[in-house]
Amino acid sequence: MMILRPIQQNDYAALLKIAHESGHGFTSLPLNEELLQKKIDHSVSSFAKQTSQPGDEGYLFVLEDTETGEVVGTSAIEAAVGLDDAFYHYHLSKVIHSSRTLDVYKAVDILTLCNDYTGATELCTLFLKDGYRKNCNGKLLSKARFMFIKQHEQRFAQTVIAEMRGVSDENGSSPFWQWLEEHFFSMDFPTADYLTGIGQKVFIAELMPKYPIYVNLLSKDAQAVIGKVHDNTRPAIELLKNEGFTFNGYVDIFDAGPTVEAKVDNIATIRNAKDFKVEIGEASGDTMVLLANGKLEDYRATVAALSFDERASSLILSQQIADALQLQSGDTVSATPV
Ligand SMILES: NC(=[NH2+])NCCC[C@H](N)C(=O)O
């Protein structure tokens, strides 16, 4: 069975392996042992913290294959971004250059550096190991975060965003970054990405072009990737769009990948999930159902094939599933078909 749970101290070796596997362009898991250990510490203390408003908490989940005990994926939620250092985006908007007397009309796109998502909740760090990109594993990793947000709403902001990985090749070179590198930065994309991943972001304020950029003055290759995702990221953005996330013109400042956004109350899983009373029994059926307990430090989520009736007040789980979710007969479980 695949079970999602908060990361623990003894997951360090597994997290390091995932940081190796995820490679460049995966900003939030940089290959830096001290930082990875800090991420675990920070997550453990975030789950333990009593709080009624979003702050600098970071909740890091892992997906465990209970048969082997192996950790095969990660996903995370930052409660609120940009509260202790600036959080940047480029916003894509339009200006009209027109002259009635000369009969010229041109609509031009511009990119403006901004901090508009300051305070938003961010979904991040979604990674699933190669052999496990099947069944409902990706959905579980991603959607279990919405169940968690629903159950602990006061810990999160009203606006939820996700920065999608932009276009780059297997050597880590990004057409958008190339243009920036040539004119402003003189360092390669993996280096710049790594520095932001370890929290050294001062160089952004120092070196990033701060005036709006006319898109038609960028290289053709750079223009072509604005708002486009990396091939590997396609399933992730599709999933978020199906949850109700939309692209509102905000792109990453380095690779121009899109950021998508939703209000908590409009997220499909959050709207559709319902609470049921747990009954233990013979659980069989063919609806794949996302299940989560309502706990904090002992949060558990999984996907199981069940017979599911949305109007019922109780849901039959096998003993094995109930145990994995740390639930007993009579407890409450949140559920929604995936
Ligand atoms: N792909 C990147 N590393 N982009 C730079 C980080 C951008 C992010 N929004 C921040 O301000 O932290």
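Strand S9 (residues 246-251) runs antiparallel to S10, and three bridges join the two. The model described here is predicted. Six residues separate S9 and S10, which together form a hairpin. In the turn of this hairpin, Ala256 has a positive phi of about 65 degrees.

S10 also pairs with strand S7 (residues 159-163), again in the antiparallel sense, over five bridges. Within this pairing, Ile161 has Glu261 in S10 as its bridge partner. Strand S10 covers residues 258-263, and five of its six residues are buried, so the strand is largely enclosed by the rest of the structure. Here, buried means under 20% relative accessible area.

| Residue | Protein atom | Ligand atom | Distance |
|---|---|---|---|
| Tyr88 | backbone N or O | oxygen | 2.8 Å |
| Glu163 | polar side-chain atom | nitrogen | 2.6 Å |
| Lys201 | side-chain N or O | oxygen | 2.5 Å |

On its own, the ligand has 340 Å² of accessible area, and the protein covers 93% of that.

For Tyr88, in contrast, a backbone N or O atom lies 2.8 Å from an oxygen atom of the ligand.

Note on methods:
Residues are numbered from 1 along each chain as its sequence is written. This is a predicted model: local features need pLDDT of at least 70, side-chain atom pairs count only at pLDDT 80 or more; totals for chains, interfaces and linings use all residues. Side-chain values use heavy atoms; hydrogens and water are left out. Buried means under 20% relative accessible area, exposed over 50%, partly exposed in between (1.4 Å probe, protein chains only). Helices (H or I, at least four residues) and strands (E, at least two) are DSSP runs, numbered from the N terminus. Two strands pair if DSSP finds at least two bridges between them. A polar contact is a pair of N or O atoms within 3.5 Å; within protein, one must be able to donate a hydrogen and the other to accept it, and residues adjacent in sequence count only if both atoms are side-chain atoms. Accessible areas come from the Shrake-Rupley method with a 1.4 Å probe; for residues, only the protein chains shown count as cover.
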